[in-house]
Amino acid sequence: LLQWHHRYLTMIQDTVNAQKGMVDKILGDRVLCLWNVPRRCSLAEVCAVRAGLAMAAKWAEVLASNGTSGSELKLRVGIASSTVTFGNFGSDTMKVFTVVGEAVEQ
């Protein structure tokens, strides 16, 4: 399981980076990726969609190379676009750079 998780997260990270995004959080098998934060990126929505399509294609390749295509190891991608607030959030003892806003909670 850990090897699959590592391959999955590496694929996500590489794909997001290639489309000028950033991985903000890893929550188990969920990943929050951002575009246009903190660096400006024109056409952020287009880059996010390209990343999502590339992730699906690369994940299918990973599954096929291991003879597991059609298995229950599914990849789902959700994309939301909205104005968010970004910065260092937290308490006096712990802070993390992240985003907050309605689209983040979808």
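The largest pocket is lined by 43 residues, and those nearest its centre are Val 31, Leu 32, Cys 33, Gly 78 and Ile 79. Two or more lining residues come from each of α1 (2–18), β1 (22–27), β2 (30–34), α2 (44–65) and β4 (95–100). The biggest contributor is α2, which gives six residues to this lining. By type, the lining residues divide into 26 nonpolar, nine polar and eight charged. The space in the largest pocket comes to about 1600 Å³.

Some terms need a word here. A pocket is an open set of points on a 1 Å grid over the protein atoms alone where a 1.4 Å probe fits, with protein on both sides within 12 Å along at least five of seven lines; lining residues have an atom within 4 Å of a point. Grid points are joined across faces, edges and corners, and a volume is the space filled by probe spheres set on the points. Ala, Val, Leu, Ile, Met, Phe, Trp, Tyr, Cys and Pro count as nonpolar, Asp, Glu, Lys and Arg as charged, and the others, Gly among them, as polar.

Please keep in mind that this is a predicted model, in which local features need pLDDT of at least 70 and side-chain atom pairs count only at pLDDT 80 or more, while totals for chains, interfaces and linings use all residues. Residues are numbered from 1 along each chain as its sequence is written, and side-chain values use heavy atoms, with hydrogens and water left out.

Now for the chain as a whole. It has two helices and four strands (DSSP runs numbered from the N terminus, H or I of at least four residues for helices and E of at least two for strands). Their order from the N terminus is α-β-β-α-β-β. Along the principal axes, the C-alpha atoms fill a box of roughly 45 × 35 × 20 Å. Of the 106 residues, 27% count as buried (under 20% relative accessible area, with exposed meaning over 50% and partly exposed in between, for a 1.4 Å probe and protein chains only).

What does the largest nonpolar core contain? It has 17 residues, and Ile 12, Val 16 and Trp 35 have the most contacts inside it. Such a core is a set of buried Ala, Val, Leu, Ile, Met, Phe, Trp, Tyr and Cys residues joined through side-chain atoms within 4.5 Å. Both α1 and α2 give two or more residues to this core, and the largest share, eight residues, is from α2. Leaving aside neighbours within four places in sequence, Trp 35 is in contact (heavy atoms within 4.5 Å) with residues including Val 16, Cys 47 and Ala 51.

Helix α2 also holds Glu 45, which counts as partly exposed because its relative accessibility is 45%. Its side chain makes a polar contact of 2.8 Å with the side chain of Ser 81 (a pair of N or O atoms within 3.5 Å, where one must be able to donate a hydrogen and the other to accept it, and residues adjacent in sequence count only if both atoms are side-chain atoms).

Finally, most residues other than glycine have a negative phi.

| Residue | Phi | Relative accessible area |
|---|---|---|
| Asn 36 | about 75° | 24%, partly exposed |
| Leu 43 | near 60° | 59%, exposed |
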